[in-house]
Each structure stands twice: as C-alpha cells, then as structure tokens.
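Student: I'd like to go through this model with you, starting with some ground rules. Can you show it to me?

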Amino acid sequence: MYEGAVQDLIDEFGRLPGIGPKSAQRIAFHVLEADRADMDRLADAIRAVKDKVKFCAVCFNVSEQELCNICRDPKRDETVLCVVEESKDVMAVERTRSFRGRYHVLGGSINPIAGIGPEQLHIRELLNRLHDDTIEEVIIATDPNLEGEATSTYLARMLKSLGIKITRLASGLPVGGDLEYADEVTLGRAFEGRRSAIG
Amino acid sequence: MYISHLSLTDFRSYAQADLELSPGTTVLVGANGVGKTNVAEAIGYLATLSSHRVTSDAALLRFGTERALVRAQVVRTTQTTSVELEITRGKTNRVRINRANPVRSREILGIVRTVLFAPEDLSLVKGDPSSRRRFLDDLLVVLQPHQAATRSDYERVLRQRNALLKSARAAGKLTSNHEATLDVWDQHLAQAGARVLRGRFDVLSQIGGPLAAAYASLTDGSKIAAAHYRSTVVSDIDDDGDADIPLDGPPDTLLEATASQLQERILAALAAKRQQEVERGMTLVGPHRDELQLTLGGVPAKGYASHGETWSLALSMRLASYQAMLDDDPRPGAGPILILDDVFAELDSDRRARLAKVVADAEQVLVTAAVGADVPDSLKGHVLRVVPGRIEPAPEEPGA
C-alpha cells in the first residue's frame, strides 16, 4: 500500500475496464513522473468529456450537441435505420462507409444476469421513431453473441406488427480467411446462412 | 490406438515421471496413495479435458507448483501424434499438437480416446440423474466434438433465463415486460435444448444394443439391461429423477423427432410450466432436468439392483461407450484405450474373469491395482511397480 494520493490514483485506475492492479500501478507512476502540462491536458480532457459530451436526443449516440452529427446530416438516408448496442458500434459500421442510413443506439443488450431488461434499453424511443412512415427498413446489428441474439429476437417480435422490413446482419466466415481455420460454430452458421451464388 | 510414451511433470504426486508403454495390457501395481490413479487420470484428462476424480484443475497440480505438463505420444492406426498439455493455475490450459504453437486446449479433443473404468462409476447407477446426463453428454462430445459448444450454449441460455425468472419472482408478479422477455429466452432455450436432446438421442441409439450385450456378457444373462430417456419435456420428473409415467407405458416418439420438432415440444412444455417456473424462480423443463433411467429386467436399477448388479451395470455402461467408439471408427488401430482404475478389487472372481475376457480384445489396456493378485492372470501383461513419485519395471514376482 502506498500513501494517500498515490494509492487513490492506483485504485481509480484499477477500476477502469481492462486494467488490473499491476497496470494501474504502472500508469499511476507514469502520471507521477510525467510532465505537469501533459497531465493537465489529460485531466482537462477527462473533465471536458464529462461536461460537454451528451447523448443524442434522437439516436443516443455520443454527441456534443442536442443532435449528433449523423442525425444532423441531411444527406443521410432517413428510410434505413441501423440498430446497434453501443456508440462504438456506430463507429464500427461508419468505418465500412457502405451504410448511409441513420442509427439507433440501444445502450446495451438484454442480459438478465446483469439485471438489464428491455426497459433499461432505449427500445421505447426506438418504437417512437418508427411511428411515422419515414423508416422503411430496420437493420438489427446487435452483437452475434447470446445476449445480442436475444435482443435481436426481442426486437424482431416487437417490430413484426409494424409492417416494416426487418433485417439482421449475416454471420459467417471472415473475409480473407481460410475455411480450414474457421471454428465449427461460425462455419455452421455460415452454412445455415448460405445464399444462392447465381445473381 | 495406444499411447507409446507418457511423461508427467508436476502432475499430482509426480515431479517428473516418464513411462514407456506398449500395445497390450500394462498393469500398474503399488500400495494405496502412491499415485497409480494419477497416471490413469492424466491419460483420461488428455481425452476429455476433465478429471474423473475432481471438478477443479487446481488439484491436478503438484502441491506448491504453478504449472503441470502432460505429454504423450499417441499412435492411431499408422499415425503418430505428439500432444503436450499445459495446465496452469488460474489460467486457461493450452495444448501443443506435434510441437506446433500452443492452441486452446479444446483442439486436443478427439486425438486421444479412452474409456475409463473407476470405482466412481457406481454413481452412474446409484447417483443423481446429473451423473447419467454427464455420461451421455461426455460421450456425445467424444463422438461429435463440435457438440462441446452445444452444451455450453445451452448452459449460458439457462443461466440467463434463470436470472430472469428469479427477478420475476422477486417482483412478485409477472409483468408484461417480463412476459415478453421470457418469450425470447424460451425461444433460445428451446433452440439450444433441442440440439442437446437430439445429440443425446443419437448417443442413446448407439449404446442401447451394446449396453444390453455388455451386461449379458458380464452376468449369467438372466436380466436384460436397458436405458430409457425420461424427459421433462414430456412428463413431470421430480428432483430424484422419478417420472410420473410408468416404464411400461407406450413408447414415446420423442427419440425419433427432428431438432425442429423437439424445439416445438420444449416450447409447449415451457408454456405449460410458466406459472410454476415463476413461482420457483427457475427453469423446470429441459435437458438439464432430464433423467436416463437404467433398468434391469424392466425394474429400475436405482434402488432395486443389488451391489453386484450395480457394479455390472456400471461396467456395462462403460463397455457400451467403448463399443460406440469402436463402431464410430472401426478401422483397426483406431479403437479407444481402456483404463481400468482400481476396478478389480471391487469385483468377485467370476465378474473379474468375465470383465478380463471382454476387455482382452482392446488394443491397449491400462490396469491399476493395489494388489497384483486382484488382476486376473489373463490380463497380467507388462507389470510396472509404482512407488511414491516414481514408476519402475516390476521385478519378476514368483508365480506371476
């Protein structure tokens, strides 16, 4: 145990995701030895992110304004909506540059063990967005794990009656990979989701 | 198949042990507590990635060490494979196959096949339904390694669904929100459960005949051994595995159902039980509550079979899985290794002789015994003497 401030800092770092006690100690000593100006910038950045960044009132993506830059962009296709779990998933889809529609961030997935049910997610807000006829297709892009699949099933059941086209991202083989290295589950899914090779 | 070389480092009682083995029978003789079973356990671990004695890997490490190594040369038909399994305290186990880079331990499944007979097998007959479910599921993974994921998928869905039921119970009533979420988990549970059931039924159809044949060969043949799958999907089964439908009732069509039909059956059963499940806060229907009921001459073995019959039936279960593995890969030199851990001491001389006769055809048989005289003469192949922490060739015993 270190004294006062140093131990406090180690404890705080240790609470961050992916950082264990050893890394926390290493970062804390780095902070201690680093340039004052550099560390002030870090502190300011942390403060700024808590002060300025909010969630978009429409899609719940991170944003510095009332609406995020995607929701503000008039060039985006407003007839297609991509539903994701987290803001970082928005970035992932954006990097593909092949999706020109808008997003809806749920804020997690249905996970009873963690105490997260549909009421903790932004599902009611999603339904409100679908009330007028602007949106023609909803693409469900939740994670392909158990909780993501359950969330997808839940959404599909809720939205079925609205008469909108509902699609789910495909799962299967990674591009540029070798068939022989694919694990059984992924390969099995790829078989289930196969499609016609002609047109 | 057979293991030609086995090397243990910091595994159980051994700091380092090297063992040259050959096809045929090898008998490990030594006093109690010197480490005979540890050898059997190590080979069994290579085949199943689990121990027949303990559920946690921590006990496999030599006391005070952080890492154990089990190395083996396996000869299957004409192919030799070297495997090196590393068991590290608190970390995931890794395996190196043919000196390649280490990969996750699951890759080893299917390389070594064993059938292990041990005193613990009595629980296959006398124990909880869970030990018989585990028997079926373990054999399924041996015969179809990709099914390992099926079982873990099912367990994950089950944990989530139980958490939801528990929170519904805590809320005191089933809100429409709970109701809608529960529908989703029902669907996923039915999907995963149907795959587990289908796999178990496949295994069952493969061991039914061999089980009856094995029991007949170990006894005088007056009673016929059989295994009946009793599913919570079709009937009420209490915590002891007793079903509310009689054994001589009409045969259920469940065993022949396709996975999608099974899914429908599970969904229907879940719907019927929903109220009760919310009251108890747990999932009451599904493969995790099913029972494999064993019978002798039409009478349940559990509770009715004598001690000797129980032993014969437990051995028959293992012999049936041996036969299923032989049928699965009938090439010469591909059959599983038989390990008889401390089994002969528990049997009368008649059963000893019959068991020895049945296992004599296996390519490699490993026998452990505290007293050499317990092992029938027909199995006295190569004898190794185990002393604390070491294994050495036995001196020629007079009369052996």
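Predicted model: local features only at pLDDT ≥ 70, side-chain atom pairs only at ≥ 80, totals over all residues.

Student: Which residue forms a salt bridge with R102(A)?

Tutor: Helices (H or I, at least four residues) and strands (E, at least two) are DSSP runs, numbered from the N terminus. The closest N and O atoms of the pair are 3.6 Å apart. R102(A) sits in strand β4 (residues 102-105), and its partner, 24 residues away, is in the loop between α4 (69-72) and β3 (80-84) of chain A. The partner is E78(A).

Student: Is R102(A) buried or exposed?

Tutor: Buried means under 20% relative accessible area, exposed over 50%, and partly exposed in between (1.4 Å probe, protein chains only). E78(A), at 44%, counts as partly exposed. R102(A) has a relative accessible area of 13%, so the label for R102(A) is buried.

Student: How many residues apart in sequence are the parts that R161(B) and E277(B) tie together?

Tutor: Their side chains meet in a salt bridge at 2.8 Å, N to O. R161(B) lies in helix α4 (residues 147-171) of chain B and E277(B) in helix α6 (residues 259-280), so the parts tied together are 116 residues apart.

Student: Which chain A residue is linked into a network of salt bridges with R161(B) and E277(B)?

Tutor: Both R161(B) and E277(B) are buried. Their network also includes E179(B), D183(B), D186(B) and R274(B).

Student: What radius of gyration does chain B have?

Tutor: The radius is taken over C-alpha atoms, and the globule rule is 2.2 Å times the number of residues to the power 0.38. Chain B has eight helices and 15 strands. The rule gives 21 Å for 400 residues, and chain B comes close to that, so it is as compact as a globular protein of that length, at 23 Å.

Student: What about the radius of gyration of chain A?

Tutor: Chain A has eight helices and six strands, and 32% of its 199 residues count as buried. Its C-alpha atoms fill a box of roughly 65 × 45 × 35 Å along the principal axes. A compact globule of 199 residues would be near 16 Å, but chain A has 21 Å.

Student: How many residues apart along the chain are Q293(B) and Q275(B)?

Tutor: Q293(B) is in strand β10 (residues 291-296) of chain B and counts as buried at 11% relative accessibility. The C-alpha atoms of Q293(B) and Q275(B) are separated by 28 Å, while along the chain the two residues are apart by 18.

Definitions and conventions
Residues numbered from 1 in each chain as written. Chains lettered and ligands numbered in written order. Heavy atoms only, no water. Salt bridge = Lys/Arg side-chain N within 4 Å of Asp/Glu carboxyl O.
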